[in-house]
Amino acid sequence: MAKNPFACGECHLVLADGVDQCSRCPSAQVSSDWQGYVIIMNPERSEIAKRLNVEHSGKYALKVNTR
Ligand SMILES: [Zn+2]
């Protein structure tokens, strides 16, 4: 059974398999309940990156549901 990786509730970064804490935001909540997988290559040119406040390229979730 495939399990969703965690995504960071703060910066929306999708974490690697088995990782349950964001290295950029150690105090942020993570959640496996997220939607909208996006890969951001050029944050400075990306509208989605601006919306998510993303400053680094990487894989992100559009929406992260944290409790
Ligand atoms: Zn984060």
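Visitor: Is histidine 12 buried or exposed, and why?

Guide: Start with the idea of counting neighbours: a residue is buried if 20 or more other C-beta atoms lie within 10 Å of its own, exposed if 12 or fewer, and partly exposed in between, with C-beta atoms placed from the backbone. Histidine 12 has 25 other C-beta atoms within 10 Å, so histidine 12 is buried. Keep in mind that this is a predicted model, in which local features need pLDDT of at least 70, side-chain atom pairs count only at pLDDT 80 or more, and totals for chains, interfaces and linings use all residues. Residues are numbered from 1 along each chain as its sequence is written.

Visitor: Where is histidine 12 found, and what does histidine 12 touch?

Guide: Helices (H or I, at least four residues) and strands (E, at least two) are DSSP runs, numbered from the N terminus. Histidine 12 sits in the loop between S1 and strand S2 (30-31). For touching, two residues are in contact if their C-beta atoms, placed from the backbone, lie within 7 Å. Not counting residues up to four places away in sequence, histidine 12 touches Ala7, Leu52, Val54, Tyr60, Ala61 and Val64. Histidine 12 and valine 54 are 42 residues apart in sequence, with 8.3 Å from C-alpha to C-alpha.

Visitor: What should I look for in the backbone angles?

Guide: Most residues other than glycine have a negative phi, and most peptide bonds are trans. Histidine 12 is not a glycine, yet has a positive phi of about 70°. Asparagine 53, also not a glycine, has a positive phi of about 60°. Asparagine 53 belongs to the loop between H1 and S4, and counts as exposed because it has 10 C-beta neighbours inside 10 Å.

Visitor: Which residues of the largest nonpolar core touch the most other members?

Guide: In soluble globular proteins, nonpolar side chains tend to be buried together. A nonpolar core is a set of buried Ala, Val, Leu, Ile, Met, Phe, Trp, Tyr and Cys residues joined through C-beta atoms within 7 Å. The largest one here has 13 residues, and Ala7, Cys8, Leu13, Val14, Val30, Tyr60 and Ala61 touch the most other members. Strand S1 (7-8), helix H1 (47-52) and strand S4 (58-64) each supply at least two residues of this core. S4 gives the largest share, three residues. As for cysteine 8, leaving aside neighbours within four places in sequence, its contacts are Leu13, Leu15, Cys22, Cys25, Ala28 and Val30.
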